[in-house]
Amino acid sequence: KLFVQIIDLAVFGAAQNRSYKRLADFTDTIGNRVSGSHNLEMAIKYMYNAIAQDGLYVHLEPVKIPHWVRGKESAEMILPRAKGLAILGLGSSVGTPPEGIEAEVLVVESFEELKRRASEAVGRIVVFNQPFVSYGETVAYRAYGASEAAKLGAVATLIRSITPYSINSPHTGWQDYQDGVKRIPTACITVEDAELMWRMAQRGQSIVVRLTMGAKTLPDADSFNTVVEITGWQHPEQVVLLSGHLDSWDVGQGAMDDGGGAMISWEALSLIKDLGLRPRRTLRTVLWTAEEQGGIGAQQYYNLHKVNMSNFDLVMESDLGTFTPVGLQFTGSDAARKVMEEVVKLLAPINTTKLETNGEGTDISPWMQAGVPGASLHVADSRYFWFHHTEGDTMTVQDPQDMNLCSALWAVVAYVVADLEDMLPR
């Protein structure tokens, strides 16, 4: 009944609210921590020291990561009336000339409409006012909008933020320039301003915007993945890996994305250590660096450790918030799924016994694609994309009781799988 002890300690016992407090201390002290920044370096040092003080074995593994800097940025509508536009430049975007770019606007609602109106895009700032369908589908506009517009001669793009809900909040994120296509400045604007310009365009009004962005990309920076371990007593070479990412965007506090996931991945090992438990296999928590730039730290970790692929039992990632947990998402063989269905039954005390399909996560996807079983935390995430990559990603969206439940689920699954007689069947 060890799993009951883990749940009791996390939810009702001495560790109650601990992951929340650790997250608040960390994010309030460091703030946001974008790839390549001094803040991210400070964050890694902070976590290394905090975890070592907690009495867990921790080490750092060096990696090279992108270093994009936002610089000063602003946008304003000149015509048909003067109005400031709230913007957030997108990761890897180039800047504008120092004097900015002033141009007429073409508003479109889809890539199809852009292609239909290709002749109108020349010399224009293209505004995408695409409706939000789902993050997975709609994010294509953020990722590829700049290159698609540049192919047609546009001078910049402003993209409606990828969110189902807005209080005039722009959302940043990474964007991908296509090879051989001119690189034009690109930023996200608010849902409200995208819809405003769309309505103006529908009336046949001429819209002129001035955009100024100081964005630039510096040489790759040195960084680290932070690795924490409880060594298995019987099969120390076999590993159950838990993870979240330590970097964030350069707005808000990165409390939700992904401070919470990083903290519960530390907390899980803390709980197991506090109870004096040691499973058969090694439990390893990795706090990834540069996830937001495309899983850069995780890819380098994979390249370094894939030689031991057969010893990786299960890889776990939490990067969709630590709201109220509803279940575990899992990717693996049918035989492995049968085992995991039994494991999650142990979570009956916190009512999260659902095993769902499709474990997901940028940082664990290389392992899952290579056939290693993978799991992700599924939470009541309906508000996740309200705050995602905005100034609103702060401790205020976090709840201590939710984090207790997430920590309990994370610790029980990791411990039980690491202590089974056999590894999960591939």
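These legends accompany close-up views of a predicted model.

Local features were taken only where pLDDT is at least 70, and side-chain atom pairs only at pLDDT 80 or more, while totals for chains, interfaces and linings use all residues. Residues are numbered from 1 along each chain as its sequence is written, and side-chain values use heavy atoms, with hydrogens and water left out.

**Figure 1. The whole protein chain.** The chain has 13 helices and 16 strands. Both are DSSP runs numbered from the N terminus: helices are H or I with at least four residues, strands are E with at least two. The C-alpha atoms fill a box of roughly 70 × 40 × 35 Å along the principal axes. Buried residues make up 59% of the 426. Buried means under 20% relative accessible area, exposed over 50%, and partly exposed in between (1.4 Å probe, protein chains only).

**Figure 2. The salt bridge between Arg-22 and Asp-54**. The two side chains meet at 3.3 Å, N to O. Arg-22 lies in helix 2 (residues 18-30), and Asp-54 in the loop between helix 3 (38-53) and strand 1 (57-69), so the pair ties together parts that are 32 residues apart in sequence. Both residues are buried. A salt bridge here is a side-chain nitrogen of Lys or Arg within 4 Å of a carboxyl oxygen of Asp or Glu. The whole structure holds 23 of them.

**Figure 3. A network of salt bridges**. Arg-22 and Asp-54 are linked in this network with Arg-18, Glu-267, Lys-273 and Asp-274. The side chains of Lys-273 and Asp-274 meet at 2.8 Å, N to O. Lys-273 is partly exposed, at 26% relative accessibility. Asp-274 is also partly exposed, at 36%.

**Figure 4. The salt bridge between Arg-117 and Glu-120**. The closest N and O atoms are 2.9 Å apart. Arg-117 is partly exposed at 26% relative accessibility. Glu-120 is partly exposed at 29%.

**Figure 5. Ala-150 in helix 6**. The helix covers residues 135-150. Ala-150 is buried, with 12% relative accessibility. Leaving aside neighbours within four places in sequence, Ala-150 is in contact with Val-181, Lys-182 and Ile-184. Contact means heavy atoms within 4.5 Å. His-38 is 112 residues from Ala-150 in sequence and 33 Å away in space, C-alpha to C-alpha.

**Figure 6. Two cis peptide bonds, at Pro-80 and Asp-258.** The bond from Leu-79 to Pro-80 is cis, with omega near 0°. Pro-80 sits in the loop between strand 2 (73-79) and strand 3 (83-85). A cis bond also joins Asp-257 and Asp-258, with omega about 0°. Asp-258 lies in helix 8 (residues 255-274).

**Figure 7. Positive phi at Asn-358 and His-389.** Asn-358 is exposed, at 56% relative accessibility. His-389 is in the loop between helix 12 (384-387) and helix 13 (400-419). His-389 is buried, with a relative accessible area of 5%.
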